[in-house]
Structures are given as C-alpha cells and as structure tokens.
Amino acid sequence: MRKYLFLVLFLGFAAAAVAQEAVKKEGAVITFQKKTHDFGDIAPGDKVEHTFYFTNTGNEPLIITDVQVTCGCTTPKGWPRDPIPPSGKGEITVAFNSAGKTGRQNKTVTVISNAVNTDGSQVSFSTNILEKVPSNPQR
C-alpha cells in the first residue's frame, strides 16, 4: 500500500512540474543579447548612450508599454512601440548624462511589457565618472 501511495504522489508531483513548465513557455519572452553595459571611465558632464538588443523568444507578440529609469540622469531614448512577433528583434536605447555626478554609478532600467519571464525585465549599466581636473591650477 505504501508503494502505491508513494507512486501516486510521485506521479502527481511530476505532472504538476510538467504543467508549470508548459505554462511558463506560453506568451512573449524578452531575451537580451547582453543585459549589462560598462561605459568605463568618463569625464564629468559627458553624455553617453548604449543600445540593448533583444529577441522575442516566446510564442506570442511582445508588447513593450514603458521603459522606466531610476533618476533624471538616465533617459530611455527609444524602444519599439509596435508589437514584436515571435522571433522578432528589437532594441532599447538608453542615454546617461553625467553632469553633477561623481564616482561609480550603477543604473537600472526596467522594461514594462507583457513578457512572461520576469528575469528579462531589467537591464543595467555602470560607469566611473572621473574627478574634474582644474584647467588652470593655481601655483
């Protein structure tokens, strides 16, 4: 009797795991080529930008409704407004203005979409803003 109970429980858990896996694969899935970017050292006041490339690896159209940033120094410059079909590609360009910033900066950009994979909703970049060197040092 214990063997049958164990077998029934095992089969029930296995069926549930397979069903969950099947549900995860339904819908749009955003997959970035690269989720992070390092601008390296930049000077104060420099304006830099980077384009993050992605593919819809899901089986339904991907719809991006918004791209959110954490501060006014970061600006999403463009993303697709039309649905991206399965296997379709797109890009999101983000600009960063280092004016008034110093030292190491790490910024996160959140992509709001209908993608079913929550791990694909954020990209990030970092940079190191060098100290401003006086142009005419006083002696």
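Two strands pair if DSSP finds at least two bridges between them. Strands themselves are DSSP runs of E, at least two residues long, and helices are runs of H or I, at least four residues long, both numbered from the N terminus. With that in hand, on to the structure.

What you see above is a predicted model, where local features need pLDDT of at least 70 and side-chain atom pairs count only at pLDDT 80 or more, while totals for chains, interfaces and linings use all residues. Residues are numbered from 1 along each chain as its sequence is written, and side-chain values use heavy atoms, with hydrogens and water left out.

First, the layout. The protein has one helix and eight strands. Read from the N terminus, the order is α-β-β-β-β-β-β-β-β.

Now strand 8, residues 122-129. Which strand pairs with strand 8 in the parallel sense? That is strand 2, residues 36-42, over five bridges. Within this part, Ile42 has Ile129 in strand 8 as its bridge partner. Strand 7, residues 103-113, also pairs with strand 8, but antiparallel, and eight bridges join them. Here Thr108 has Ser124 of strand 8 as its bridge partner.

Next, the rings. The structure holds three aromatic pairs; rings of Phe, Tyr and Trp (its six-membered ring) pair if their centres lie within 6.5 Å, and planes under 30 degrees apart count as stacked, over 60 as edge-to-face and the rest as tilted. Phe96 and Phe125 make an edge-to-face pair, with 5.6 Å centre to centre and 65° between the planes. This pair links distant parts of the chain, since Phe96 lies in strand 6 (residues 89-97) and Phe125 in strand 8, 29 residues apart. Ring pairs also bring in Phe39, so that Phe39, Phe96 and Phe125 form a cluster.

Are Phe96 and Phe125 buried or exposed? Buried means under 20% relative accessible area, exposed over 50%, and partly exposed in between, using a 1.4 Å probe and protein chains only. Phe96 counts as buried because its relative accessible area is 1%. Phe125 is buried too, because its value is 5%. Across the protein, buried residues make up 32% of the 139 residues.

One more ring: the charged end of Arg81 sits over the ring of Trp79, 3.7 Å from its centre. For that label, NZ of Lys or CZ of Arg must be within 6 Å of the ring centre and within 35 degrees of the ring normal.

Last, contacts, meaning heavy atoms within 4.5 Å. Among those between residues at least 6 apart in sequence, 68% join residues at least 24 apart.
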